[in-house]
Structure formats: C-alpha cells, structure tokens
Amino acid sequence: MNIEGKKVIWKDYQKEIADDRFYYVRSCVRQNFFPGSETAFLRIMRDVLGKDVYEHPCHTTCTGIGYHGDIVPVETTMTVVARQFSLMNEAGYENLLPSCITSFGLYTEILDTWHHFPEVEEKIRKQLKKATGREFTVPKNLAHASDVIYKFRKEIAAKAKYKLINKNTGEPLRVVDHIGCHYAKMFPSKGVGGAEYPYVLAGMVEEWGGQVIDYPERRHCCGFGFRQYLVQANRGFSIACSKEKFESMQPFKPDMIITNCPGCPMFLDRWQYVINEIEGKRYGKNGEGIPVFTYEEVAGLVLGYDPWDLGLQMHQTDCEPVLEKMGIEYSPEDKFNLYADKKSELHNSFVKA
Amino acid sequence: MEAAGRLAKSGFHVTLLEKETSAGGHLNDWYKLFPDRRDSSEVKRYLDDLMSSEQINFLTSTTIEKIESKGSSYSLMTNNGENLNADSIIVATGFDLFKSSRKEEYGYGIYDNVITSADLEGMFRKGKIVLHDNTTPKIIGIVHCVGSRDEKVGNLYCSKLCCVTAVKQAIEIREHLPESKVFCFYMDMRMGGAYYEELYREAQEKWGVNFIRGKVSEASENIDGKLIVKVEDTLAGRPLKMEIDLLILMAGMEISEGSKKLAEISGLNTGENRFFEAIDNHYGSNISNLPGVFYAGTCTAPMNITETISHARAAVSEVQDYLKNGKS
Amino acid sequence: MEKFGFSISKGRQINYDSNDRRVAEFIIENEPSFRLCIACGCCSASCTAGSFTRFSLRELNILISRGENDLPRNDLKKCMLCGKCTLVCPRGVNTRNVVFLAKQAFRKFDSYAI
Amino acid sequence: MENYYDLLMQDIRFEEGLNACMNCGVCTAICPAAEFYNYDPRKIVDIVQTKNNDQIVSLLKSEEIWYCGECMSCKTRCPRGNAPGLIIMALRSLSQDLGFFVESEKGRQQLAIKRTVGEWILKHGYCLYLEGVGTSMHPEQGPVWDWIQDNWKDVFKRLGANYQGDGPGILRKIPEEAMEEIREIFKVTGGMLRFKKIEEFSKKKAEELNMKLDDGIDNEYFRYIYKTDNKTHTRG
C-alpha cells in the first residue's frame with residue numbers, strides 16, 4: 001500500500017466548508033441512538049471552537065428514512081427539504097449543517113436535480129407556497145457535521161487531552177473508518193477525499209494520533225438498506241452486510257471503528273452483539289467486540305469529555321477497551337449510574353445554549 | 001517518422017520536430033507487437049532507416065510555442081527560440097496513455113501490485129514478471145477498458161487496441177510463467193483487425209487464458225497484499241469475487257498533452273472525443289481546418305501501427321497534392 | 001435465531017478461490033474445445049431441451065468453468081444428447097461431449113451420482 | 001393497457017437514472033443486495049430500457065425490485081452515468097401507486113414501513129420515535145436498549161436531550177403549527193395520497209388472504225408482512 005497515491009487523490013477532492021454561522025439540522029437516528037453525540041458536537045462547536053451554531057425548534061426530519069423506505073414520494077421530500085431551507089432563511093443563516101448523512105446526501109441530490117431540472121424546483125416552490133405560504137433560497141454552503149469537525153481537526157488536536165495512541169505501547173490505535181454510503185457515493189466531489197478513498201474521517205484519525213487501516217470491504221455498506229432493516233423479515237440481509245465487513249477487517253486487528261453516518265455505528269454495534277448470540281463469534285481481541293464510535297464521540301474523548309457524558313453507555317458493544325488503551329480517566333462504576341452528579345449540570349448548560 | 005521519410009524521399013525539405021530526445025514515441029516502450037508478436041524494434045528500425053535521409057532536419061527536445069499564418073506559409077516558433085517557415089505542416093503528435101490512477105477504484109499508484117499494460121511491457125523487456133516483493137505471481141488479472149468507454153473519466157470512445165493488447169499480453173504472461181493462470185475481464189471482445197480474432201482463439205485454446213465478461217468494479221488489498229477483485233460474471237448472472245496476485249490495467253488512448261497545447265495555440269479543431277478533428281471522417285481524415293495543415297496518425301483517433309503508417313502515407317499524398325495544386 | 005426472527009443471509013457471489021473446479025478441469029483435459037466457448041448462445045438457441053424447459057447450455061458451460069456445480073449437476077439431466085448444439089457452435093466446441101463428460105465427472109467427483 | 005415506461009418517465013429519478021446501459025455488470029459487482037439476494041440490478045436496467053410493457057409489469061409485481069438497499073454504490077461506478085438505485089426508486093413508487101406492490105411478499109412490507117416510519121413523521125416530525133422502537137419488534141437492539149427504554153427519561157436527560165420539551169434540542173416536541181405545515185405539505189404533494197393507497201391496497205390484500213387488519217401494528221396482517229420470509233429470496 002502506497003499512501004502517497006491516496007494523497008494525490010485527496011488533493012483532487014477539497015470541498016468548500018463554511019467557517020462559521022451554521023444552521024444545524026438534527027438526525028432521526030442520531031437523536032434516538034446517539035443523543036450524546038449531537039450534544040457533544042454542539043459543545044465542541046460552541047465551547048471549544050467558539051462557533052455560532054443555530055438550531056430552529058420548528059425544523060423536522062428531511063423524511064430521508066421514509067423517502068428511502070419508498071413510502072414518501074420524491075416531491076413530498078423535496079418540499080419538506082424546501083421548508084427546511086425556508087426556516088434557515090427565516091433565521092438569517094446560509095450555511096446548512098446536517099447531522100445526518102442521509103440528509104446530507106438527499107440535500108445534495110435535490111440541489112443537483114434542481115440545478116439540472118429548474119422546472120422541478122419551480123414546481124416545488126409553488127407547492128411549498130401553497131402548503132405553507134413559505135418561500136426559500138437554497139443554502140450558500142452545505143457541509144455535513146463531520147466535514148466541519150474535519151475542517152477544525154487541528155484546532156481540536158491542539159486542545160486534546162488524549163490521543164488515539166495506546167498508552168501502554170506508544171503505538172497508534174488501529175482505526176477502521178466507515179463512511180456512510182450517502183456521504184460521497186452519489187456525488188464524489190461533495191465529499192472530502194472523494195468516494196473511493198474518503199479522507200473526512202481518516203484526516204481526523206491521523207490528526208489525533210491514530211492509524212487508519214484499509215481493508216478489502218472498506219467501502220461496503222453497513223447493511224441498513226432502510227426497508228432491509230425496518231422490516232424484521234429482511235434483517236438477515238442487513239446483518240450479513242455488517243458481517244461481511246467484520247470478517248474482512250478482522251485480520252487487520254482493528255482497535256476501533258469510527259463512523260460519520262448516524263445509522264452505521266448503531267448497526268455495526270448491534271450486529272456484533274447478534275452475531276455473537278447466533279454464532280458465538282466476536283471480532284476483537286481477547287473475545288471482545290470491536291468498539292464502534294461516532295466521530296463526535298471520538299472528538300469528545302480526545303478533548304477529555306467524560307465517556308458517560310458522551311453516551312458510550314448506550315453502546316451494546318463495550319467501548320472500555322479503547323478507553324483503557326487511550327489511558328482515559330473514567331469511572332467504570334458510573335456507567336449505568338443515572339444519578340451521577342454531572343448530569344444536571346450538563347443538561348442545564350445545554351438547555352441554556 | 002513515416003511521413004517525414006516519405007516526403008524526404010520525394011525530394012521535399014522536411015523538418016521533424018520531436019519533443020522527446022529521440023523519435024518513435026510509444027513504440028519505444030513496447031516489447032512485442034500484436035497480432036504476430038514481432039519485436040517492436042524491427043518496426044522502429046524500418047522507421048529509422050526511412051529517417052536517414054539528409055533532406056530531414058531532425059530537431060529533438062523541441063516543441064512549438066507559437067504558430068502564425070504568413071499568407072501561403074506558416075511561421076513556427078520553437079521552445080528553443082528558433083523560427084521556422086513551412087509551406088505545409090503535418091501534425092503527428094500522437095496519443096497519451098490514459099493515466100490509470102484516475103480510475104481511483106482500481107488503486108493504481110496505491111496498491112503495490114496493480115500495474116498498467118505499459119508497465120508490463122517494461123517487465124517483458126527486462127524478461128522478468130515479478131510482484132512488488134520480487135516474488136512470482138500465480139494468478140494474474142487483466143482489466144479491459146481502463147479509461148475507455150467510460151463516462152466517469154470523460155472518454156466515451158473505444159480505444160480499439162486494448163482488447164488485442166490484453167490477449168497478446170495474456171499469452172506472453174503464460175509463455176513467461178507457464179504455472180500462472182490469467183483472467184481477462186472484458187465488456188466486449190473487440191478483435192476487429194487482421195488475425196486478432198485468431199489470436200483470441202489461440203489464447204483460449206493453446207494458452208488456457210480465462211475470459212470473464214464483466215467490468216471490474218473495484219480492486220482492494222487484503223492483509224497478505226493480494227488483490228481482491230469484484231466483478232459481475234454477467235454470463236452467469238452472478239457477482240464474482242476473486243484473489244489476484246497481479247492486476248494489469250489496459251490503459252486506453254487519449255489525446256496527448258502535446259496535441260492539447262497545439263490545439264490551443266494553432267486554432268486546430270478538436271472533436272467531442274478531444275482528438276483532432278479532420279474535416280471529413282470518410283474521405284478527408286488527414287485534412288484539418290487550416291489550409292496546408294494535415295494530420296497523421298493517433299492525434300486524430302486511436303489507431304494501430306499499420307493504420308498509423310497508412311495514415312501517414314496518406315498525409316504525405318495530401319501534402320504533395322496541396323503543394324502542387326491546392327496552394328492559393 | 002428464533003430470538004431475532006431472522007437468520008444471517010449467505011452470500012451468493014461466485015467465490016472463485018474456494019470453488020471446486022475439478023469437473024471443469026476434467027472436461028478440459030478430455031475435450032479441450034470446451035475452452036473455446038465465447039458464450040454466443042447458439043447452443044442454447046438451438047437446444048431441444050431448452051425450448052421446453054428452463055435450461056441453458058451456455059449458462060451451464062460458464063458455471064462449470066467457474067466451479068459453480070450445483071445448478072449444472074441437476075440441470076444436465078434435462079439434456080437429451082441430440083447434438084444440435086455441437087452442430088451449430090461457431091467455435092467448434094463439442095458441447096454434446098462436454099455434457100457427457102460433465103455427467104461422468106460429477107459421478108467421479110461427487111459422493112452422489114446424478 | 002397503460003404504457004408503463006411512459007409512466008416511469010414521469011418520475012424525475014427515472015429520467016436521471018437511465019441512460020443507455022451496455023450490460024457491463026459493474027453495478028451488480030458492487031451491489032450489496034446482489035451479493036445476498038437473488039438480484040441483479042444490471043438485468044433490471046436492461047429490462048426497463050427495452051421498454052417492454054409486459055416485462056415492466058412483471059417487474060412492478062416482482063420481489064426483486066424490493067431487494068435494493070438504496071446505498072447508491074451503483075451510481076459511483078456506472079461507466080454510462082446510470083443509477084440503477086434511482087430506477088428502482090421509480091419502479092417502487094409506481095408499483096405502490098398502481099397497487100402492484102401487494103402482489104409480492106417484499107412489496108407488501110410497505111404497509112409496515114408506512115405504519116411505523118410514515119406515522120411517526122406525521123405525529124412526531126421524525127422518522128423514528130423512541131418509544132416505538134422496543135426490543136419486542138427490535139430484539140437485536142439488545143439488553144442495553146431494554147435498560148435505556150426502562151430509564152429513558154434519565155438517560156436522555158443526562159445526555160443533554162430535551163425530550164418532548166419546548167424550544168430546541170434533541171427529541172424536543174415540535175410545535176403544533178410546524179407539524180401542521182408538514183402535514184399540509186404531505187397533502188399538497190402526494191404524500192398523503194401515497195399513504196392512502198398503501199392502506200387501501202393492503203386492506204384489499206388482507207381480505208383476499210382472509211387476514212385481520214385493524215389500525216396500528218398489533219394485528220394479523222401486520223405481523224404477517226413484518227415477519228414472513230419464504231426463504232426464496234436468498235441462497236440460504
């Protein structure tokens with residue numbers, strides 16, 4: 001493997017990412033399964049990087065899961081998205097910052113369709129106006145939340161308390177990066193590093209001391225497939241995809257997985273549990289699983305946030321092996337302690353923000 | 001070279017401008033030629049002999065910086081500051097091989113054992129086909145249509161010669177490495193030249209080369225440094241996955257950088273495929289949009305050596321005709 | 001498995017590395033013309049059995065050469081050995097003999113006969 | 001008979017997704033669904049580009065159009081700029097609009113998605129609803145999910161959520177006037193009509209199969225479509 005070859009490709013895919021004044025839209029999956037990640041993201045953006053990130057209470061889903069579950073027609077989705085733009089205009093922001101990869105992909109795709117078929121955009125304008133009386137202009141900049149963390153990875157590294165380094169051996173942690181399919185597979189030029197060798201997570205990992213490992217099924221989908229997970233009868237497919245990835249990465253002995261899509265970490269986490277239940281197989285060292293993280297969680301750990309404030313207790317596959325390797329000071333007994341003192345303080349600070 | 005030699009023989013004063021230090025272009029890099037697999041140096045020797053005329057002023061390491069029409073002739077300024085006058089010009093700026101790293105999913109320049117057809121010719125010249133770690137490959141894959149018939153890289157056309165090159169190289173690999181297995185991944189076998197189809201048959205019959213119909217979707221590297229190739233075996237209607245030791249990319253042909261630059265400074269027309277565009281594809285394939293400027297060879301389209309030489313001779317005839325009758 | 005309401009799907013990719021290619025090799029050894037197939041489909045088009053049942057010699061040839069033996073093992077029973085396939089093949093493949101040899105090879109290498 | 005190709009062409013995604021296909025198989029080679037399901041996106045594209053009405057109807061009633069996971073890996077690679085995934089989305093939409101989806105086991109599942117994700121969007125403004133995802137329907141969520149569900153108030157509070165609260169924040173209650181806008185958009189743009197059709201055709205199918213189908217997700221037909229796998233979709 002020649003890393004120089006990848007660097008040449010990375011140079012070709014430098015997308016524009018806004019610097020400040022972001023309009024944040026939340027993710028269906030991330031809110032439910034990784035609430036600590038969205039909280040950590042806003043803490044990092046506001047408290048660490050001093051950025052203006054606005055959230056409108058009236059924004060909603062983009063309907064992405066319904067759209068890709070094929071129950072929501074394309075024009076309905078486009079009009080809901082147009083409404084999101086309208087709310088952003090109303091708040092006086094221009095830089096759209098979705099928390100979700102499917103949303104990011106959908107926004108990108110819709111803007112592209114409108115660009116090529118202006119008559120479709122015209123129709124959506126009319127429908128939005130008719131339904132809500134709203135008008136809109138499209139965002140000036142569209143970046144996924146992981147793009148922004150990538151952009152400020154050096155600033156985060158400068159304030160890091162921990163590194164992605166095994167404290168006992170001094171070796172970098174071996175990290176598998178898993179990119180959500182809708183990040184760049186549809187529009188390679190809209191992803192940092194492109195579709196084949198995305199750099200968005202690899203850049204963070206490298207900057208924070210870890211080593212990214214490439215493996216044959218790196219680009220494979222986690223298997224969510226919308227309807228393929230939503231309906232129980234189809235989950236055999238969904239889990240088989242993740243299994244394909246685990247089998248392929250196992251020989252490289254990864255310490256952890258980092259993800260940028262909200263769904264992928266949940267599936268990569270839960271399917272390890274199910275594979276172990278069905279087949280008695282685990283893919284990490286010493287009969288452990290391979291801990292799976294969101295990029296917000298990893299950024300939070302690097303900055304020294306309490307693992308239980310980040311929500312690592314919500315993972316089914318234990319994250320502790322990584323905490324140990326990084327030498328993070330944490331209290332194991334607080335993991336499932338619902339009444340830890342910190343919670344109210346954190347909650348209050350968040351609601352105020 | 002062909003055109004220069006022929007014109008000189010007919011008594012014209014010819015100046016040959018070559019951007020490299022010697023003439024011959026890609027022929028210099030090739031080991032043996034399809035379909036009869038004669039040594040490329042034999043053709044080169046023929047061309048060199050043609051060039052030995054004293055009527056030819058051969059300027060190497062020379063490119064054109066400026067080109068101006070002076071009534072019935074052209075004035076050319078070279079990179080060496082020289083000014084040349086020409087009554088007629090033949091453009092024979094050739095082709096470039098597609099830069100295979102642009103097909104990112106095949107990992108050329110990233111995975112150690114992914115090479116191009118040109119790299120393989122280099123190995124043939126050295127008489128040694130080896131992997132990055134100097135061991136001998138056992139399973140070899142050949143990917144057709146790399147940079148051809150592919151909207152993703154902006155080339156809609158077929159480069160025409162890669163199929164037969166693949167077959168030729170597959171046979172040569174089997175000759176060099178009798179223990180090896182070779183797999184060609186193709187979309188269509190375009191063996192449209194004299195004795196090409198026969199070579200394809202020989203590859204199957206005598207050399208046991210395997211042909212799988214499907215465009216390779218991606219290559220990746222496993223922990224042992226082997227390449228994993230994903231393709232659909234379209235004739236079986238099933239996706240197929242296999243481990244390969246050495247993967248060879250059949251790089252297609254593109255307009256050369258030199259041609260691009262010339263097009264910019266001269267006002268010569270290029271087509272949708274970005275090659276130079278002749279005024280008529282059927283009966284005027286040497287004639288450009290500028291009076292007295294003619295094309296020869298692969299600067300207009302992918303061609304093999306036979307076609308290139310024929311095209312050059314036709315250009316000579318156009319020049320002769322132009323200088324005798326057409327010049328106004 | 002009951003607990004989750006599904007089982008983990010098995011892949012259907014042709015895994016060339018782990019497939020058993022002994023049947024293909026046996027055929028090639030005894031009928032070298034087998035290699036010459038260009039999958040034009042003339043054999044399937046003229047096939048008597050193929051016009052009445054879902055049976056494609058072209059597909060079976062490909063599957064056998066990839067070591068995908070499950071379908072050919074059962075499907076070859078449908079062949080009536082009429083030999084039209086051999087008559088029409090533009091590459092001179094003796095397809096009738098290929099079928100013959102394939103059946104023989106399955107008997108030889110499989111624990112069970114067809 | 002209607003011309004189904006023309007109907008497909010009315011879907012912008014079909015127009016975007018289909019150029020001339022040369023059957024190279026690069027989509028199938030990379031397709032996760034083709035790896036596990038008896039599915040070949042190349043063949044789907046080849047069928048629709050023939051414009052053969054009978055074959056397109058068969059597709060609209062088939063199992064295979066429901067195998068795709070819409071990951072769009074096919075779009076990255078196609079040398080002709082096709083997107084089989086977008087073609088599939090157009091086929092699925094038409095199959096539902098015409099009621100053909102109930103003719104296949106996988107197609108019938110659309111009701112399950114409508115009654116979960118679809119309802120949640122209209123009620124809560126998000127595609128997922130915490131209290132709707134329990135381990136009885138999602139056993140793979142594991143023991144940790146049981147713990148979270150048992151203690152969700154505290155767990156979410158600690159992690160900075162604003163569960164069902166006013167103002168911004170994780171899983172906040174979206175103001176009623178905003179939800180009204182969403183519902184109005186669904187009415188104006190065909191979203192409600194799609195839901196209605198899924199319901200109506202499913203009810204007909206349930207009657208045909210002699211199965212009970214009440215509102216909600218606790219009924220015979222829902223359980224049938226949610227859990228049935230006749231094992232013909234994959235190799236094993």
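Modeller: Let us begin with a term: a polar contact is a pair of N or O atoms within 3.5 Å, and within protein one must be able to donate a hydrogen and the other to accept it. In this predicted model, the rule finds 48 residue pairs in polar contact across the interface of chain D and chain A, both residues being at pLDDT 80 or more.

Colleague: Which element of chain D supplies the largest share of the side that touches chain A?

Modeller: Helix 13 of chain D, residues 176-189, gives that share with 8 residues. By kind, the side of chain D that touches chain A divides into 47 nonpolar, 20 polar and 21 charged residues.

Colleague: Why is the pair of Arg77(D) and Glu196(A) called a salt bridge?

Modeller: The closest N and O atoms of Arg77(D) and Glu196(A) are 2.7 Å apart. The rule asks for a side-chain nitrogen of Lys or Arg within 4 Å of a carboxyl oxygen of Asp or Glu, so the pair qualifies. Across the interface of chain D and chain A, 8 salt bridges are found.

Colleague: How many residues does each chain bring to this contact, and what area is buried?

Modeller: Chain D brings 88 residues and chain A brings 95. The area buried between them is about 7,800 Å², with carbon and sulfur atoms giving 61% of it. Glu140(D), Arg158(D) and Leu159(D) supply 11% of the area that chain D buries against chain A, more than any other three residues.

Colleague: What makes Glu68(C) and Arg235(D) a salt bridge?

Modeller: Their closest N and O atoms lie 3.2 Å apart. The cut-off is 4 Å, and therefore this pair also meets the rule. Across the interface of chain D and chain C the rule finds 1 salt bridge, along with 5 residue pairs in polar contact. The side of chain D that touches chain C divides into 5 nonpolar, 3 polar and 4 charged residues.

Colleague: What area is buried between chain D and chain C?

Modeller: About 1,000 Å² is buried there, and carbon and sulfur atoms give 47% of that area. The contact takes 12 residues from chain D and 11 from chain C.

Technical notes:
Residues are numbered from 1 along each chain as its sequence is written. Chains are lettered from A and ligands numbered from 1 in the order in which they are written. This is a predicted model: local features need pLDDT of at least 70, side-chain atom pairs count only at pLDDT 80 or more; totals for chains, interfaces and linings use all residues. Side-chain values use heavy atoms; hydrogens and water are left out. Contact means heavy atoms within 4.5 Å. Buried area is the accessible area (1.4 Å probe) that two parts lose on being put together, summed over both. A polar contact is a pair of N or O atoms within 3.5 Å; within protein, one must be able to donate a hydrogen and the other to accept it, and residues adjacent in sequence count only if both atoms are side-chain atoms. Helices (H or I, at least four residues) and strands (E, at least two) are DSSP runs, numbered from the N terminus. Ala, Val, Leu, Ile, Met, Phe, Trp, Tyr, Cys and Pro count as nonpolar, Asp, Glu, Lys and Arg as charged, and the others, Gly among them, as polar.
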